[in-house]
Amino acid sequence: MKVREFDYDLPPEFIAQTPASPRDSSRLLHLDRATGRIDHRRFHDIVRLLNPNDVLVMNNTRVIPARLAARKAITGGTVEILLLRRLTATRWKALIRGRNIREGLRFELDKGSITCKCIRALQRGQHVLEFDRAIDERLHGMGDIPLPPYIQTALDESEKYQTVYSAVDGSAAAPTAGLHFTPELMANLQNHWVKFAYCTLHIGLDTFQPVAVDDVSDHVIHSEFASLGAEAAGTINSAIASGHRIIAVGTTSARTLESAARARDREEFNGQDHNSIDCGKSLVAPISDDTDLFIVPGYEWRVVDAMITNFHLPRSTLLMMLSAFAGREAILDAYEIAKEKAYRFYSFGDAMFVT
């Protein structure tokens, strides 16, 4: 399978620079996989498309102020550090933007009150930094929220790049399918007996990068930390056993759900669980681990019945995942229709509901 099969043309004017206001006034393209039918709505109309006891699985990760200004300790040259993932209390994987970055270099941050050292060079311009202390509590005073490079308009409020249900710090980017929800919409959904289950997947910037190889099978997928607690797993499994839909809010929730199903499959294979339910789907197990699950066309879906998602970058792993769910041609055709209807694309853009 060639990466070029997931390419499409998107003129820059389709890329949303600011979020919709209110959030749930964004547009919603509804794609029915069984019939191929496409309807055009507003996101708050999602209430009419959901059934009582459907479970919305939402990623409650919270974007950290990961963009840091720093100076080289010896020369004073300026660099920008973009934290990608905390590895230990004092060690982070990061991108460093500056000249002549190499192992052993020391940097000063926050007027010299914090220092760090580049201890290892990784692939694709990434490095491992060792800080002289834990910096989690200092980030909000010295860092900025990182926006994707295709967003050129500065945010007037950083909370606009957080979901209203964000709770767990650790992400380098927002789970953007969730940006369409408002507290009022969520209350309305609860009044219609729709259930919520929360997972956590801390997103790295690799999520948004186009795949650079020619063949999909040659791409090395990034790993991300994913967590699904016992309570959420119980809610999901009860819904599956009762024949209700599991709806992933975003590709990150979908990746977490399918990783949790694979974990449950492994438990059953190893004889740890003898209470499987014959419902035509896999159940999920609680997880708290890295996942490197790469979902491409041909993947056998275990849990997800429907997906809420944004419009993704060409040649990206996210577009491949969506194509695995609904079919490559159906998705690319829907994208062309979205362009004809002047939908807004990417992080602050409009949404799709694929059922």
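Which residues of helix 4 are buried? Hold that thought while I set the ground rules.

This is a predicted model: local features need pLDDT of at least 70, side-chain atom pairs count only at pLDDT 80 or more, and totals for chains, interfaces and linings use all residues. Residues are numbered from 1 along each chain as its sequence is written, and side-chain values use heavy atoms, with hydrogens and water left out.

Now helix 4. The buried residues are A232, A233, I236, N237, A239 and I240. Buried means under 20% relative accessible area, exposed means over 50%, and partly exposed is in between, with a 1.4 Å probe and protein chains only. Looking down the axis of helix 4, those buried residues fall within an arc of 160°, so they line one face of the helix. That arc is taken from the directions from the helix axis to the C-beta atoms. An α-helix has 3.6 residues a turn, so residues three or four places apart point the same way. On the other side of helix 4, A230 and E231 are exposed.

A quick length check. Helix 4 covers residues 230-241, and at 1.5 Å a residue its 12 residues should span 16 Å. The expected span is 1.5 Å times one less than the number of residues. The end C-alpha atoms of helix 4 are 16 Å apart, which agrees. After helix 4 comes G243, with a positive phi near 85°.

A word on the numbering. Helices (H or I, at least four residues) and strands (E, at least two) are DSSP runs, numbered from the N terminus.

Two strands pair if DSSP finds at least two bridges between them.

Contact means heavy atoms within 4.5 Å.

How many residues of strand 17 are buried? Five of the five, so strand 17 is largely enclosed by the rest of the structure. A306, I308 and N310 point one way, while M307 and T309 point the other way. In a regular strand the side chains alternate between the two faces of the sheet.

Strand 17 has these pairings. Strand 15, residues 246-249, runs parallel to strand 17, joined by three bridges. There, I247 stands opposite A306. Strand 18 runs antiparallel to strand 17, with four bridges. In strand 18, F353 is the bridge partner of I308.

Further along the sheet, strand 13 (195-201) and strand 14 (224-228) pair in the antiparallel sense over three bridges. C199 has L228 of strand 14 as its bridge partner.

Next, the cores. A nonpolar core is a set of buried Ala, Val, Leu, Ile, Met, Phe, Trp, Tyr and Cys residues joined through side-chain atoms within 4.5 Å. The largest has 72 residues, and I236, W301, F345 and M352 have the most contacts inside it. Helix 6, residues 317-326, gives this core its largest share, seven residues. Leaving aside neighbours within four places in sequence, M352 is in contact with residues including L28, M307, L322 and I331. A second, separate core of 24 residues includes L68, I81, I114 and I135.

V79 sits in strand 6, residues 78-86. V79 is buried, at 6% relative accessible area. Its contacts beyond four places in sequence include L68, I96, I101 and F107. V79 and D39 are 40 residues apart along the chain, and their C-alpha atoms are separated by 47 Å.

Last, some backbone points to look at. A cis peptide bond joins S21 and P22, with omega about -5°. P22 lies in the segment before strand 1. D110, in the loop between strand 8 (106-109) and strand 9 (114-121), has a positive phi near 50° without being a glycine. At 33% relative accessibility, D110 is partly exposed. Y346 is not a glycine either, and its phi is positive, about 75°. Y346 lies in the loop between helix 7 and strand 18, and is buried at 7% relative accessible area.
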